[in-house]
Amino acid sequence: MAANKLIHESGVPFDCRAFHGKYANIDMTGQDVGYARVGIISSGKDFILFQFRGKRGLAAKAYTKSLTEVKMTERKLKKETELIVEDWDEEVNPFCYFVGDRCDIHMHQTRMFEATPGFFGAKILYVDQQNGLIRIKENSKQFNVSISMICGIMQTRSEEA
């Protein structure tokens, strides 16, 4: 039983709507971290919105190498959180969905063992859409992070919880 695989070719639009509502592995380019067995719940022009054990995440299509469908048994599916496919709104910056949450932010890696692979457990303070930045707080320090260098983000916990 062969799994569906979608390979992203550089410079070609990456339409992954066929994966909405399915579990997949997201493979990233180069040294970037990937995401295994995540549920694809939506996608837009530049990002893929996914879910993993009740937490949400976002993967940048620019750094995505491929999507591979994960076939799971009925027993394994019962243990997973139900996937609810959502409509994508191109008018809303997808990072706004994470404001107020603690997240792991994975940065694009240009070299192996790069000094800053990302920020872990960082609180998303706000999104500066005009300048393409997000403001985060990690270990009592605040940073501005360029959205274009983020290859993925995933909730660690919500502040409301």
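Two strands count as paired when DSSP finds at least two bridges between them. I keep that in mind for this model, which is predicted.

**Entry 1: β3 and β4.** I looked up strand β3, residues 35–43, and its pairing with β4. The two strands are antiparallel and share four bridges. Between β3 and β4 I found three residues, and the two strands form a hairpin.

**Entry 2: β4 and β5.** I then followed β4 to strand β5, residues 55–60. These strands also run antiparallel, joined by six bridges. Opposite Gln51 I found Arg56 of β5. The hairpin of β4 and β5 has two residues between the strands, and Arg53 there takes a positive phi near 50 degrees.

**Entry 3: burial of β4.** Is strand β4 largely enclosed or open? I noted that five of its six residues, in the range 47–52, are buried, so the rest of the structure largely encloses β4.

**Entry 4: Trp88.** I located Trp88 in the loop between α1 (74–79) and β7 (101–107).

Next I listed what Trp88 touches beyond four places away in sequence: Ser42, Ser43, Gly44, Lys45, Phe47, Leu49, Leu58 and Pro94. Phe47 lies 41 residues from Trp88 along the chain, yet their C-alpha atoms are separated by 9.8 Å. Last, I noted a polar contact of 3.3 Å between the side chains of Trp88 and Glu90.

Technical notes: Residues numbered from 1 in each chain as written. Predicted model: local features only at pLDDT ≥ 70, side-chain atom pairs only at ≥ 80, totals over all residues. Heavy atoms only, no water. Buried < 20%, exposed > 50% of the residue type's maximum accessible area, 1.4 Å probe, protein only. Contact = heavy atoms within 4.5 Å. Polar contact = N/O pair within 3.5 Å; in protein donor to acceptor, adjacent residues only side chain to side chain.
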